[in-house]
Every structure is written in C-alpha cells, then in structure tokens.
2 protein chains.
Amino acid sequence: TSSSSKQHGGQKLLMDFPYVSGPHKKLMVDLVSTVEGRLDGLLNPCSLPPDVQSYGNESGTSHAALHLRTGLHSSPIDFILGSWLHCQLPTGGALNITSLSAYLNSSTDAPNLLVELIQSSPTSMVLILDLPPRMDLVLNPDYLKTFYEDTQLDQHRQRLEKLSEVKPYFSSSLYIRSVVSPTAILVRIETEQLEEMIETNVAPIAKEVLKTWLDICAFGERTVGDSERDYLRKRDHMAKSKTIEIDLGSSLPRLFGQETANRVLEALREVF
Amino acid sequence: TSSSSKQHGGQKLLMDFPYVSGPHKKLMVDLVSTVEGRLDGLLNPCSLPPDVQSYGNESGTSHAALHLRTGLHSSPIDFILGSWLHCQLPTGGALNITSLSAYLNSSTDAPNLLVELIQSSPTSMVLILDLPPRMDLVLNPDYLKTFYEDTQLDQHRQRLEKLSEVKPYFSSSLYIRSVVSPTAILVRIETEQLEEMIETNVAPIAKEVLKTWLDICAFGERTVGDSERDYLRKRDHMAKSKTIEIDLGSSLPRLFGQETANRVLEALREVF
C-alpha cells in the first residue's frame, strides 16, 4: 500500500475514514470524490510528507490523516484539504472529526467551501457546512445577492432548523463566527438515530451545498481587478492563518504531543 | 403639550411608549434617558418635522413616533434614533416595535448600537441587541478582540441562551444577519410571563450592553487615519441605506399608506 498511497498522493489514507459510521464515511467519500472528480486536471498531487499525511500519538490513542492538494497556477483553486481525526477520550468515548475544505485563489473572489462533522458521542454531532465569503458582505450587497440570495442557500439551513433533533451551534471562537456566511449551517444534532439522520438529511444537504460551490464558485467566472486581488490576498491570508491557529493551534499539541503538532502545523502553514 | 413637545424636540412623544407593558416601557425609557444623559451636550435637538415625529394611518389603527438627534460636528456621534410603532393586526392582536439605535461618525471606527423589541403577541417577543461592527472582522482580528472579546459581550448571549423560553432568531434578511456582530443577541422569547422576563433578564442585559457601548464605543478614544475615514463613510453609508430599505422600505407603505411612508422615509434618508 506504500506505493499505491504515494501514487494517489495519500488519497487512499484519507478515504479510509476508518473510525466513523457507514453513512458518515459514505458521505465524506462522496464529497471528496466529487470535488476531486470535478476539479480533475486542476490539482497537483498531495505533496505533504508521509508523516503528515498520517500521524498519531505515542500511546496510539489518537490517529489522523491529512490530504492536501494545491491547485495548478492557472486554476482558480488555492488548495483543497480533506482530513479525519480520531481520539479516544478519557471518558471511554471517542472524538471523531472529518472535514473537507476548499480555498480559491485571488483570481476569483468567489466563496470558499467548508464542511466539518464533529462527533463526540454516538448520539451527538456538530455539523458545519458553509461557503465562507471572501468579501465584506456589508460593503458588497451584490456579492451577497449573487452567492447567498440567488443560490437560495438558506433553504438548507431552514430545512435542518425545522427538525427537533437539530439545535443552532455557536462556535466558542468569535473569529470563526465572523468568518462564516449568514447562511452557514452551524448545528448540533442530538439523536439516537444519528446514522439515519446523516443519510436522510445531512448527506443530501451537504451534496447540494457542494454542487452550488462547484457550479457557482469554483467554476463561476468572476472578473477581479488588481486592487481587489491585493485585498483578497490579504483577507484570505488573515482568515487562513487565524483559522488554523484557532482550529489546530491548541488542540493538536494536546492530542498528539508538541513534536507531532509542530510537524503538522509547519507543513500546513506552508500552504495556508 | 405642543409647545412642550417642541421644547424637548419630541422626546416626550417618544417617551410615552403608550402601547407596551410597564416593564417594556420602563426599559425603553431607561435606555433612552441613559443615552441622552451621557451624551448630553453632544446632541442637537430633534429636527424631524412634527408629522414625522408622530404619524399614523388614516383609519387610526397604526401609530408611530420617531425621535432623532444628530451629534454635534465635533462629537463622535452621527445620530441617535428612538422609535415606537403600534399596529392593530387584522387577527385582533397588535404589533408593537420599540427601538433605540445609535450611529457613530467617521472620527471613530467603534461599533454602533442597536436595540429592538418586536412584540407580535402577548406571549412572544423578538429581541435584537447588538453593537454592530463598523469594520470587516475577518480582516481586523484586533478590532474583534477590543470590542467583542475583551468586553465579554458574548456572556449576555450565553445567559439568555440557557433559558428554555429563549430561542435563536434568524432575520429573514441575509443583509441584516451580515450587519450584526458575532455576539449579537437575536432571540425569540416565548412565555406567558413576558413582563417578568423583560424585568429579570432582558432589562439587565440591555443596560449592560448599553453601558459597554457608552464606555468603550461612544467614549472610547480611537485614532482613525484619512483612508480609514473614507472607508468608514462608504461602509456606514451602505449599511445605513440598506438597513432603512430592509427595515422600513416595504413595511411602512403597508402599515401607514404610501404618502405617509414617503414622508417618513424621506426625512430619515436625509440623515441616514
């Protein structure tokens, strides 16, 4: 499997999603395959070092995989990042996080993609699903109209909101709350039938949001002037470096030890 | 009362809050008095025409009051606006909205103030309480830290979130959702004991948020360069004109007829 994982740039490692339920794995494989399929020919192979593509802690209770592919210089893609993370909890349970994010470069101002499923118990899951804007929406109502109103993205949030098992989720980070769009799905799902909920509600919605991102954002033709490019580079850089700091800066050392955390964060910072 | 209302620049009309419950009126009077007290000497008298300070519809089922005071040119205040609105509903109930907002000018980049209580039944109220930011928070994490993290504004939202009678409220306007801060209180309160809820929870929190706004925003010394001033003017103008369009553009004609709506909107647009 060493040569095949090299060949696929670590995609196989990611696609295992070994610790999550069938419907959860099926959804993530579907999303990653769809993105890689549609962006085929625009992406470089994953160039992360093998010990960043897959890493664990010394005692073997934490394990994670990262799959990162930058876009060709001529493409609108900055990079896509898929990941999973598994940690046994001292309480006997486990924390499982799977994510897929996609960042566009400054040749377009279209929104990014963010999908994250955070499961901390068999009956509870936090779902984050959004196209984070890359412009200040207050100053740019046309941008809000194009990417959020005309796409009717809010209907997905409204559909989930109606379910009694679903409650709004507020990130403890005010910065993360600022980064997301007004149609962001940020919810906690509490149910004994989590697998069914993923199949029936989460998966169809996540696929729809991904389709919108691919059609309107990744492949939407946008004209961006020079000064706007500078602005996008600055804002994107700030958003990415803050996001990585908040998401991983404190949790990775805690879960995997300082040495491994440094190795992973260093590799990611080269791209972020 | 005509000469006294002239003398107080229409403040008396506003301060009546004639259609809402005791605790609701008490809270609004307290907030308006506190703002006018602390900003005393920085504000011009209300210069709205009398038929904009108070207006109604032909059949007498809708009635409203507006009280708007601009800031002296040397002050950091653009204007403050207090209002109440009462409409009998065809269902037999009534809609009552009371609000207080304060906008700063481009001599400072500190957040504005927004308080709105929307009561559409005796047992249900929407509460909007926020210090809307005047900078893009994604690009300006220091601003987020100063005004939202260091002030611990989120603790008020968290306190309300814990109450079973309180549910998150999502504005139907994506623009309004974009204008508010990540610590915004946007909730629907459903309870038979609405007056008690206002006294026990809403009033203390609203007063705390107002105190933060006065201490840190209205009287916080901020240094703003020339290019930032231009940016603030542009962003403020966009936020104000969109807000008035969304808030009043369609509802005022419906509730008060086109002629009255035009008169009120024209007077407000001169300041917004």
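**Chain B against chain A: interface and sheet**

Across the interface of chain B and chain A the rule finds 4 salt bridges, a salt bridge being a side-chain nitrogen of Lys or Arg within 4 Å of a carboxyl oxygen of Asp or Glu. This is a predicted model, in which local features need pLDDT of at least 70 and side-chain atom pairs count only at pLDDT 80 or more, while totals for chains, interfaces and linings use all residues. Residues are numbered from 1 along each chain as its sequence is written, and side-chain values use heavy atoms, with hydrogens and water left out.

**Interface**
- One salt bridge joins the side chains of B:R235 and A:D136, at 2.7 Å from N to O.
- The contact (heavy atoms within 4.5 Å) takes 26 residues from chain B and 26 residues from chain A.
- About 2,400 Å² is buried between the two chains, and carbon and sulfur atoms give 70% of that area, which is the accessible area (1.4 Å probe) lost on putting the two parts together, summed over both.
- Of the area that chain B buries against chain A, B:V138, B:L139 and B:L174 supply 27%, more than any other three residues.

**Sheet of chain B**
- An open sheet of 8 strands runs in the order β1-β2-β3-β4-β5-β6-β8-β7, with antiparallel pairing; strands (E, at least two residues) are DSSP runs numbered from the N terminus, and two of them pair if DSSP finds at least two bridges between them.
- The edge strands, each pairing on one side only, are β1 (54-56) and β7 (166-168) of chain B.
- Strands β4 (residues 94-104) and β5 (residues 113-121) of chain B pair in the antiparallel sense over 7 bridges, and the bridge partner of B:S99 in β5(B) is B:E116.

Terms used: Chains are lettered from A and ligands numbered from 1 in the order in which they are written. Helices (H or I, at least four residues) and strands (E, at least two) are DSSP runs, numbered from the N terminus.
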